[in-house]
Amino acid sequence: MTTSTRGAHRTPAVLVLEDGRIFRGRAYGAVGATFGEAVFSTGMTGYQETLTDPSYHRQVVVMTAPHIGNTGINDEDMESKKIWVSGYVVRDPARVPSNWRSTRTLDEELAAQGVVGISGIDTRALTRHLRERGAMRVGIFSGNALPDEGTMLAEVRQAPEMSGADLSAEVATTEAYVVPAIGEKKFTVAAIDLGIKGMTPHRMAERGIEVHVLPATATVEDVYAADPDGVFFSNGPGDPATADHPVALMQAVLERGTPLFGICFGNQILGRALGFGTFKLKYGHRGINQPVQDRTTGKVEVTAHNHGFAVDAPLDQVSDTPYGRAEVSHVCLNDNVVEGLQLLDRPAFSVQYHPEAAAGPHDAAYLFDRFVSLMEGQRA
C-alpha cells in the first residue's frame, strides 16, 4: 500500500522491528506501508545496483553508509527492469544529486516505483541491533498508514518470514531471451534465471559467449535445446531449501558432465545438488567490501555479496558426492562461511558472491575466465 507524494521528506515515518524496537524518522520515497526482512548493506556506493538486484526481493535494506543518493539515478546502471527492495532505510539522504550522468533523484525514483522508505534515523544503532539480534521482519509506516504502535507491531509479526520463502519464480523472466556475444561468438551458455542481474550475461558476452537466458521453470530439455557448451545458474532471492526444481535441474546437468558455473543462489543450489545442507545466517553478508580467500590460489579478494543463506559443507576436507569429489574453494575471512564449491572430477564450480560486481569491486572477474577455461577443456 503506497502513495507517492511531493514533499514526502517532511512526512513522519516509523520503522518497527518484529522484536518491538521502534525508530522514528521521515518518509523517503513513497508514502504508505511496507513489510519485509530487515537486512543491512555495507556498501558506500552502488545503491542503484543494489536496489535493482532481484536478490533483494522482499527485503528492507538498511544502508550503513550515512550519505545516500549523492549520485542520483540514471538509466544505464539498472541491473533489472525495476527496483526490487520492499523498503529502503537511510540516515542522511542527499538533497541535491551531483553527477553528470544523473537524470533524477533517488527520492523521486523510489516514489515513482512505489517503494516506501524512511530517512533521518540512526542507521548505526539499527545495524548494531540487527547484528546482535539477527535479521528479522520489519515494517515501515508513513502518512495515512501510520496507526498506533500495537497495530504496527501486530502487522509486522503477521508478515511472511524469509525462511521457507520460494521467491525465484517471482523475479525470473517468464520468456527465454538471448544476449548475443560481443565480437566473435566462441561459446553458447544456457543461463537459468533465478533472479539474474543484467551485468552477468554481459560479462559472459564480453568473453565471446552467446547467453540463452531461461526461466527458473526451465526443464532439462529446454536447457539442451540451446545446444550449450556450458550451463549457468544465477543469483536469486529466497530460501534455497525450497528450490527443489533448480536442484533437480542442476543434478541432470551434472549427470551429463556439461561445464557448470553458479553464483550466489546458484552456489546454494550446487551445494544441495551435491548433498550438502543449507542454513540461514544470523544477519547475512551484503555490501561490496567482503574479504574472501580463493583457496585454489591463496589470493584474497574484496568482493560483492548479497546472501542470507549459506552452504553447510566441511571446510577442511574433500567430500565424496554422487558426482565425484567436491571441496570448498572459497571462504569468507570474516566468519569462515563457505563462499565457493568445486567438483574435482567434473567441470563444475560455484561461488556465493557476485563476480559480475556491477558498481565494483572487480577482483573476482577472473571467475568468468575460469568458466571459459572449463568449456575450452571440454571442447578439446
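**Close-up 1. The second largest cavity holds about 140 Å³ of space.** This is a predicted model, where local features need pLDDT of at least 70, side-chain atom pairs count only at pLDDT 80 or more, and totals for chains, interfaces and linings use all residues. Residues are numbered from 1 along each chain as its sequence is written, and side-chain values use heavy atoms, with hydrogens and water left out. A cavity here is a set of points, on a 1 Å grid over the protein atoms alone, where a 1.4 Å probe fits but cannot get out; lining residues have an atom within 4 Å of a point. Grid points are joined across faces, edges and corners, and the volume is the space filled by probe spheres set on the points. Sixteen residues, or 16 in figures, line this cavity, and Gly 236, Gly 238, His 307, Gly 308 and Phe 309 sit nearest its centre. Two or more lining residues come from each of α9, β16 and β17, with β17 giving the most, four residues. (Helices, H or I and at least four residues, and strands, E and at least two, are DSSP runs numbered from the N terminus.) Sorted by class, the lining has five nonpolar, eight polar and three charged residues. In that sorting, Ala, Val, Leu, Ile, Met, Phe, Trp, Tyr, Cys and Pro are nonpolar, Asp, Glu, Lys and Arg are charged, and the others, Gly among them, are polar.

**Close-up 2. The largest cavity holds about 160 Å³ of space.** Among its 19 lining residues, Thr 50, Lys 197, Ile 288, Ala 304 and His 305 are the closest to the centre. At least two lining residues come from each of α1 (47-51), β16 (277-294) and β17 (300-312). Strand β17 has the largest share here, three residues. Six nonpolar, 10 polar and three charged residues make up the lining. Counting cavities of 30 Å³ or more gives three.

**Close-up 3. The second largest pocket has a volume of about 250 Å³.** Unlike a cavity, a pocket is an open set of points with protein on both sides within 12 Å along at least five of seven lines. It is lined by 17 residues, and Ser 80, Val 171, Tyr 177, Asp 193 and Ile 196 lie closest to the centre. Both α5 (168-171) and β11 (177-179) supply at least two of the lining residues.

**Close-up 4. Helix α9, residues 265-273, is mostly covered.** Eight of its nine residues are buried, meaning under 20% relative accessible area, while exposed is over 50% and partly exposed is in between (1.4 Å probe, protein chains only). The buried ones are Phe 265, Gly 266, Asn 267, Gln 268, Ile 269, Leu 270, Gly 271 and Ala 273. Just past the helix, Gly 275 has a positive phi of about 105°.

**Close-up 5. The largest nonpolar core has 34 residues.** A nonpolar core is a set of buried Ala, Val, Leu, Ile, Met, Phe, Trp, Tyr and Cys residues joined through side-chain atoms within 4.5 Å. The members that touch the most others are Ile 192, Val 223, Phe 233, Met 250, Leu 254 and Leu 274. Elements supplying at least two core residues include β12 (187-192), α7 (220-225), α8 (244-256) and α9, and α8 gives the most, five. Zoom in on Met 250: setting aside neighbours within four places in sequence, it is in contact (heavy atoms within 4.5 Å) with Phe 233, Leu 260, Gly 266, Ile 269, Leu 270 and Ala 273. A second, separate core of 21 residues includes Val 189, Ile 209, Phe 232 and Met 375.

**Close-up 6. Arg 58 and Asp 227 both sit in loops.** Most residues other than glycine have a negative phi. Arg 58, though, has a positive phi of about 70°, in the loop between α1 and β5 (59-63). At 22% relative accessibility, Arg 58 is partly exposed. Asp 227, in the loop between α7 and β14, has a positive phi near 50° and is exposed at 62%.

Close-up 7. A disulfide is a pair of cysteine sulfur atoms within 2.5 Å, and the structure holds zero of them. Cys 264 is buried at 2% relative accessible area, and Cys 332 is buried at 0%.
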